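Here's a quick briefing to read alongside the model. Have the viewer open, and we'll go topic by topic.

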Amino acid sequence: MMDENDWENFKRKLKAKTEIDLDLYKAPQMKRRIGNLVRRNSFDSYEGYFDHVVKDKDDFAAFIEYLTINVSEFFRTPDKFSKLETDVIPDLLTRSPKLNIWSAGCSIGAEPYSLSIIMHEMTPGKKHRILATDLDIEILAKAKRGEYTDNELKAISAERKKRYFDNTPDGKYRIKDEIKDCIEFKRHNLLKDSFESGFDLILCRNVVIYFTEEAKDQLYAHFFQALKPGGILFVGATEAILNFRKLGYTSYQPFFYQKPLS
């Protein structure tokens, strides 16, 4: 029976198994999202579904992927990526010739690889550092492989696809080593683990949709501390930070927030 006790038991087991703390997520939305999955698989309780799915590695991996909302594509919202190329990155390069960039919640790797392509084109021969993190180990493994279907590359121009990807025997496209080599993939829980510091640019886009407001504020405060003075936080197109001033940021452009230089 999908009651409050059932939900609490499910949350406890999930946290013990994965370190995902659903108390930091909006309860109504997460109950609805997971409840739909539970009913679709013909179970009548959260806990019963969890006890079942945890027994199979592939099923559990699919559940975690569903839970962590791994939706991504190359150059997502191209107009915003254009701002990165024309405004944000050139500005950052005036202060740091080699950038330290973090793609937080990198999913299948489309975002960090998009960034690497941009940096390769803007600063040929120069190696920047791109940290790409995600909570989902299986998704990180896919990102590290760097292999994509034609549909996953729909936003990539034919020229870039030819230049930066090799064809695989099974009809996929593999990102070339020159784009992959500057990316460091790492598992990281944004709501639990400690943060590195000294970043020029942090991207956290379409990640916080189900976070509580308190969890979002805590996350953005941690990002603020992780940025260099003058560093930029880039968020998703539906994730404007309304209280950015309270958190210490200034508005650089819509959906880009800057840590003041002094």
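Tyrosine 148 is buried, at 0% relative accessibility (buried means under 20% relative accessible area, exposed over 50%, partly exposed in between, with a 1.4 Å probe and protein chains only). Bear in mind that this is a predicted model, in which local features need pLDDT of at least 70 and side-chain atom pairs count only at pLDDT 80 or more, while totals for chains, interfaces and linings use all residues. Residues are numbered from 1 along each chain as its sequence is written, and side-chain values use heavy atoms, with hydrogens and water left out.

**Aromatic pairs**

- Tyrosine 148 pairs up with tyrosine 113, edge-to-face, at 6.2 Å centre to centre and 80° between the planes. For the terms: rings of Phe, Tyr and Trp (its six-membered ring) pair if their centres lie within 6.5 Å, and planes under 30 degrees apart count as stacked, over 60 as edge-to-face and the rest as tilted.
- Tyrosine 113 sits in helix α6 (residues 110-122) and tyrosine 148 in strand β3 (residues 147-148), so their pair ties together parts 35 residues apart in sequence. Helices (H or I, at least four residues) and strands (E, at least two) are DSSP runs, numbered from the N terminus.
- Tyrosine 113 counts as buried too, at 0% relative accessibility.
- How many aromatic pairs does the structure hold? There are 24 of them.
- Another edge-to-face pair is tyrosine 25 with phenylalanine 211, at 5.0 Å centre to centre and 80° between the planes.
- That pair links distant parts of the chain, 186 residues apart: tyrosine 25 is in the loop between α1 and α2, and phenylalanine 211 is in the loop between β7 (199-204) and α10 (213-226).
- Tyrosine 25 is buried, with a relative accessible area of 14%, and phenylalanine 211 is buried at 4% relative accessibility.
- Ring pairs also join Trp7, Phe10, Phe43, Tyr46, Tyr49, Phe50, Phe60 and Phe63 into a cluster.

**Charges over rings**

- Lysine 17 places its charged end over the ring of phenylalanine 60, 5.6 Å from the ring's centre. The criterion is that NZ of Lys or CZ of Arg is within 6 Å of the ring centre and within 35 degrees of the ring normal.
- Lysine 161 does likewise with tyrosine 173: its charged end sits over that ring, 5.0 Å from the centre.

**Helix packing**

- Two packed helices are described by the angle between their axes and the distance between the axes.
- Helix α1 (residues 4-18) and helix α2 (residues 27-40) have axes that come within 13 Å and cross at roughly 85°. Axes are lines fitted to C-alpha atoms, for helices over the stretch in contact, and angles run from 0 to 180 degrees between N-to-C directions.
- α1 and α2 are therefore roughly perpendicular to each other (angles under 35 degrees count as roughly parallel, over 145 as roughly antiparallel, 65 to 115 as roughly perpendicular and the rest as oblique).
- On the α1 side the contact uses Glu4, Trp7 and Phe10, and on the α2 side Met30, Lys31 and Ile34; contact means heavy atoms within 4.5 Å.
- By type, the residues of the α1 contact with α2 are four nonpolar, no polar and two charged. Here Ala, Val, Leu, Ile, Met, Phe, Trp, Tyr, Cys and Pro count as nonpolar, Asp, Glu, Lys and Arg as charged, and the others, Gly among them, as polar.
- Helix α3 (residues 46-53) packs with helix α4 (residues 57-67) at an angle of about 130°, their axes 8 Å apart, which makes α3 oblique to α4.
- Tyr49, Phe50 and Val53 of α3 meet Asp59, Phe60 and Phe63 of α4, giving five nonpolar, no polar and one charged residue in the contact of α3 with α4.

**Positive phi**

- Glutamate 19 is not a glycine, yet has a positive phi of about 70°. Glutamate 19 lies in the loop between α1 and α2 and is partly exposed at 35% relative accessibility.
- Serine 107, also not a glycine, has a positive phi of about 55°. Serine 107 is in the loop between β1 (100-104) and α6 and is buried, at 4% relative accessibility.

**Single residues**

- Serine 116 lies in helix α6 and is buried at 2% relative accessibility.
- What does serine 116 contact, leaving aside neighbours within four places in sequence? Its partners are Ile130, Ile179, Cys182 and Ile183.
- Aspartate 51 belongs to helix α3 and is partly exposed, at 30% relative accessibility.
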